[in-house]
Structures are given as structure tokens and as C-alpha cells.
Amino acid sequence: MWGAVRQSTLDVYPDGKASKANAMPLTELKPSPDFEKIVETCGGYGEKVETAADVMPALKRALDKVRSGTPATLNVMTQMRR
């Protein structure tokens with residue numbers, strides 16, 4: 001989800017039509033692609049990170065790849081605060 005777009009819309013129009021929608025227009029990324037796979041098809045390193053405990057080890061692996069000249073993408077799964 002584009003959280004910044006959603007929040008900006010709610011800041012300007014807190015009682016607007018979009019605020020009452022199940023899925024606010026132009027904010028959803030569903031279905032979301034596997035971004036980590038996209039970079040792999042281009043010769044880069046990709047990894048999906050699903051827990052907070054896995055973030056630092058994944059960052060270290062990605063930085064090692066970048067230092068060796070390989071582009072890296074971490075697809076970090078988060079939950080939006082509501």
C-alpha cells in the first residue's frame with residue numbers, strides 16, 4: 001500500500017469518499033509482485049524479508065552483494081499502522 005498517499009488524502013479530506021472506501025483508490029498495490037524476483041531476472045540479488053528479526057541479516061547479505069557489484073532489492077513486508 002502507498003501509505004503516504006493514503007495518509008495525505010485523509011489529512012486533506014478526512015471525511016471524504018475515499019476515507020469510507022474499503023480500498024482507497026490509487027493506494028493499493030494488490031496484487032503485489034514479488035519484487036525480489038524481478039531484480040533476480042535482471043541479474044541482481046533479491047530477498048523477501050517477513051520478520052523483524054530477519055531484517056539485519058538480510059541487510060548484511062544485500063550489502064555484501066552490492067559491495068561486490070551486484071544490485072540488490074529487499075522486499076520487506078510490513079503492516080501499516082491504522
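## Ser19 and its loop

Let's start at Ser19, which sits in the loop that links α1 (3–12) to α2 (35–41). Helices here are DSSP runs of H or I with at least four residues, strands are runs of E with at least two, and both are numbered from the N terminus. This is a predicted model, in which local features need pLDDT of at least 70 and side-chain atom pairs count only at pLDDT 80 or more, while totals for chains, interfaces and linings use all residues. Residues are numbered from 1 along each chain as its sequence is written, and side-chain values use heavy atoms, with hydrogens and water left out.

Ser19 has a relative accessible area of 27%, which makes this serine partly exposed. (Buried means under 20% relative accessible area, exposed means over 50%, and partly exposed is in between, with a 1.4 Å probe and protein chains only.) The side chain of Ser19 reaches back to two backbone oxygens: that of Gly16 at 2.6 Å, and that of Pro14 at 3.3 Å. Both are polar contacts, meaning pairs of N or O atoms within 3.5 Å; within protein, one atom must be able to donate a hydrogen and the other to accept it, and residues adjacent in sequence count only if both atoms are side-chain atoms. Setting aside neighbours within four places in sequence, Ser19 is in contact (heavy atoms within 4.5 Å) with Leu10, Tyr13, Pro14 and Met24. Ser19 and Gly46 are 27 residues apart along the chain, and their C-alpha atoms are separated by 35 Å.

## The overall layout

Stepping back, the protein has three helices and two strands. Read from the N terminus, the order is α-α-β-α-β. The radius of gyration is 17 Å, well over the 12 Å that the globule rule gives for 82 residues, so the protein is more spread out than a compact globule. That radius is taken over C-alpha atoms, and the rule is 2.2 Å times the number of residues to the power 0.38. Along its principal axes, the C-alpha trace spans about 50 × 25 × 20 Å.

Of the 82 residues, 17% count as buried. Among contacts with a separation of 6 or more, 55% come from residues 24 or more positions apart. The protein exposes about 6,500 Å², with carbon and sulfur atoms supplying 57% of that area; the areas come from the Shrake-Rupley method with a 1.4 Å probe, and for residues only the protein chains shown count as cover. As for charge, there are 12 positive and 10 negative side chains, and the centres of the two sets lie 3 Å apart. Lys and Arg count as positive and Asp and Glu as negative, with His and the chain ends not counted; each charge is placed at NZ of Lys, CZ of Arg, CG of Asp or CD of Glu.

Glu47 is buried, at 14% relative accessible area, and Val49 is buried at 2%. Not counting residues up to four places away in sequence, Val49 touches Asp54, Val55, Ala58, Leu74, Asn75, Val76 and Met77. With sequence neighbours within four places left out likewise, Glu47 is in contact with Glu36, Ala58, Arg61, Thr73, Leu74 and Asn75. Val49 and Thr78 are 29 residues apart in sequence, yet their C-alpha atoms are 9.1 Å apart in space.

Asn75 belongs to strand β2, residues 72–76. With a relative accessibility of 11%, Asn75 is buried. The side chains of Asn75 and Glu36 are joined by a polar contact of 2.8 Å.

## Around helix α3

Between β1 and α3 comes a loop that holds Ala52. This alanine counts as exposed, at 72% relative accessibility. Ala52 and Val76 are 24 residues apart in sequence and 9.1 Å apart in space, C-alpha to C-alpha.

Helix α3 itself takes in residues 55–67, Leu59 among them. Leu59 is partly exposed, with a relative accessible area of 34%. The C-alpha atoms of Leu59 and Met24 are separated by 32 Å, and the two residues are 35 apart along the chain.
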